[in-house]
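Biologist: Before we look at any detail, could you show me the chain and then take me through how its features are read?

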Amino acid sequence: MGRGQLSKAFEPQAAERNWYQYWMDNNFFHAIDGSAKPQFSIVIPPPNVTGILHMGHALNNVLQDIMIRFKRMQGYNSMWMPGTDHAGIATQNVVEQELAREGLTRHDLGREKFIERVWEWKEKYGGVITNQLKRLGCSCDWERERFTMDAGLSQAVREVFVRLYNDGLIYQGDYIVNWCPRCHTAISDLEVEFKEEAGHMWDIRYPYVDGSGEIVVATTRPETMLGDTAVAVNPDDPRYKDKIGKMVLLPLVNREIPVIADDYVTMDFGSGAVKITPSCDPADFAMAGRHNLEIIKIMDGSAVINENGGVYQGQDRFECRENVVKDLEKGGFLGTITPYTHNVGQCYRCKTTIEPAVSKQWFVKVAPLAKAATAAVIKGKTRIIPPMWEATYFEWMTNIRDWCISRQIWWGHRIPVWYCDGCGNMIVASQDPDHCPTCKGSELRQEEDVLDTWFSSALWPFSTLGWPEQTPALKTFYPTSLLITGFDILFFWVARMMMMGLYTMKEVPFRDVYLHALVRDEHGDKMSKSKGNSIDPLQMIDKFGTDAFRFTLAAFTAQGRDVRMSEERIEGYKFFVNKIWNATRFAVMNLEDYPEAEPKVSRADKSLPDRWIESRLRHTIRDVVSGFNEYRFNEATGSIYQFIWHEFCDWYLELVKPVLYGKDATTGRLAAQHTLYGILKATMKLLHPTMPYLTEEIWQTIFNDGTSIMVSPFPTEDEYVDDPRAEEEMGLIMEVITRIRAIRGEMGIAPSKKLRAIISAPEGEKEKGGTDFKSVPCIEAGAGYIVNLANLEELKIGVAMEEPKGAATGVVGNLQIFVLLEGAIDVAAEKARLEKDRAKLEKELAIVARKLANRDFLAKAAAAVVQKEEEKHKELREKHLLIEKALKKLQELAT
């Protein structure tokens, strides 16, 4: 054949270094703007510039790379847009921590110098995640790599902001927001994480001003009473009908506040009366608007009590809580204290308990945008896969609140709004103004706040392609074909991209959205460093190679199910890599004399195994193509695995070894070589999207055509003949071989021991001719395969034959298989061995049976533990039945 030789073992680290550089050097990842080819495009969910590759990243990017490689091989102009996100709060926190180690704060540097420091950090460390994605084998179009703070993307952000503002969809107003006292910024509802905490519910007595009694309210945050401006009851609550409109005296503060009626109050919770603190609770803030209540802010940006807190001024909120409770008790205002477990909101970034706070913020009016984004999914312009997530998407879009887009930090896109100190005019512009258009003054101050990181991320599908310029890239690749991301950012990101894409481009940003699940450990538990069950992708790559790691992720990715991952599973697919490598080495050794110019071989010259494996390959290609196209990654990889390991390696190679080992240049040998070469070549192409390095190494060694496997055409089922007769005949022969092997195993006969077997068919199965399938001619034609692979010294085939004495029997379809045991085994020794095994098995069965009969065990043990014991019991019973069956056969031999 004149082709290269493969080393004894595959060396993944060397292959990964060599071939990734080869792909980069030859520009194979680059797509062409304006190409006449059909386009396929993906924009990467930009990882944070602070990011380090974790299992979620790995899964997400492996799936994207599988799709981009698959479509590239199918002839698409395939573009995968890479990039990173500036991650406002996260990145600022990292740099502030760095400054803190130097004894500095950002305020010591000032805004401009601090931003310079962040850019320095980004240039030094921002490429870490990108290099890690390259180690994963990601074939991104790196020439197009973008960053959300690039000049072009920053201009797009300003342009969209101005358009939204001019269309009345951005406004500024006092509103209650989620405030992080640690990060000193507002965060959106989606950025609040809830954690269950054990706390208390305090009952507080508010006396009526007229001395007619008191009203009791309950709260989990007694310190907020300092900002109370009313007590509310339900208008239909008979207990308070005559109290509505009365004034109560706010304890500790001695401020008179009214009792108001509002339908929001539920009558069956606590006393039916609630304290209203508009500055500290979203529901209370809304009620204040309905009743024109005063809003009294009692905390500053660090959650420290301000001047409105009276004697508590300067105290941290939690210190204030303790002191307020003490003072309420001293004054006789404190009622019952009840333990109470509730969900407490935390900042997603620093885990500090958030504080609802009223402040002036910028908002996007999202209801009109959400309506269009909902309609696009309903009309099928964008598909959400799996479809089960559509209901969640619709529910969120229906109940959406205006989006708070301002953040009180320094790192990010500064809001493009300026204030004129001369006349007070506000200017909203996409370019920096040099003077006020109203008074012509030049004393302008830009808005201090920056935009929520998700604002720029929402523009990612079109801003990365050059918008607002009408670039060739934008015309070629928008709307993009596919977005692959985790379900956990469906609202953070996917919904916002839908809204902004439709608003700005008048077209959806992507045709398909595939939402993958979470990566968990093998038991289904969430991975975390504290639990010690997290898996480092880079360590797995170092230990088992990128290909085994990638294939494992894809193999366990089923729609709607979490990915359960373990090191043992990755190791299992490392064995698969070894299996492929060894099978290829076998093929290479038997193709040494195969002509360099691939010969034409007639199908009539091909053996039954040749025709069978080609037909099976046709079905595998169909399953793989449909699996990838429908994002059923586990099914696509499962088909590849089944074909390579079980059909190609376990059966085909074993079936054709005799003809390949016969070194004579026969027609049958050339046909086997032709089939072997073609199957191996197509199999490498099928494998390439999931195992890029292994397949490139084999391709360059054996099939080198001067270019990469990644740009070779993906196999199509039309290249191979569908041969159901060959599959039926080969299927019967394989079942017969499998049954004889099973009898050998059941009877404890060594694999090396040659056996005698008889195969008997019913009357009418012997006639040849016609189109009907007959088992006897099939078995007779395949007798050589049966004798070889079942290791027989004699095989008789007939019709309606009697069962010989002392034979082990098996049934395959309408065939009876008799394996003659006389002389094949030492009856006495085998009987003793089986009786010993039976006794041991019966002890184990008794232990498990007692456990399953124990009511306490069934009631107290975890469901998974009980299930494991039930499965063990079933397995032991099956083994027991097999031993009994074997002993019965031995008894027959002995009589």
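Predicted model: local features only at pLDDT ≥ 70, side-chain atom pairs only at ≥ 80, totals over all residues.

Modeller: Residues are numbered from 1 along each chain as its sequence is written, and side-chain values use heavy atoms, with hydrogens and water left out.

Biologist: How many helices and strands does the chain have?

Modeller: Helices (H or I, at least four residues) and strands (E, at least two) are DSSP runs numbered from the N terminus, and the chain has 28 helices and 29 strands.

Biologist: What radius of gyration does the chain have, and what would a compact globule have?

Modeller: The radius is taken over C-alpha atoms, and the globule rule is 2.2 Å times the number of residues to the power 0.38. For 895 residues a compact globule would come near 29 Å, but the chain has 37 Å, and its C-alpha trace spans about 110 × 70 × 55 Å along the principal axes.

Biologist: What share of the residues counts as buried?

Modeller: Buried means under 20% relative accessible area, exposed over 50%, and partly exposed in between, with a 1.4 Å probe and protein chains only; of the 895 residues, 53% count as buried. As for contacts, meaning heavy atoms within 4.5 Å, residues 24 or more positions apart account for 77% of those with a separation of 6 or more.

Biologist: How is a pair of aromatic rings described?

Modeller: A pair of aromatic rings is described by the distance of the centres and the angle of the planes. Here rings of Phe, Tyr and Trp (its six-membered ring) pair if their centres lie within 6.5 Å, and planes under 30 degrees apart count as stacked, over 60 as edge-to-face and the rest as tilted. By this rule the count comes to 40 aromatic pairs. One of them, Y514 with Y631, is tilted, at 5.8 Å centre to centre and 40° between the planes. Y514 lies in strand β23 (residues 510–516) and Y631 in the loop between α19 (608–629) and α20 (633–661), so this pair ties together parts that are 117 residues apart in sequence.

Biologist: Are Y514 and Y631 buried or exposed?

Modeller: Y514 counts as buried at 1% relative accessibility, and Y631 is buried as well, with a relative accessible area of 5%. The rings of F628 and F633 have their centres 6.4 Å apart and their planes at 45°, so that pair is tilted, and both F628 and F633 are buried. Ring pairs link F70, Y514, F628, Y631, F633 and F714 into a cluster.

Biologist: Where is phi positive in a residue other than glycine?

Modeller: L252 has phi near 70° and is found in the loop between β10 (247–250) and β11 (255–261), where L252 counts as partly exposed at 29% relative accessibility. K440 also has phi near 70°; K440 is in the loop between β19 (426–428) and β20 (444–446) and is exposed, with a relative accessible area of 57%.
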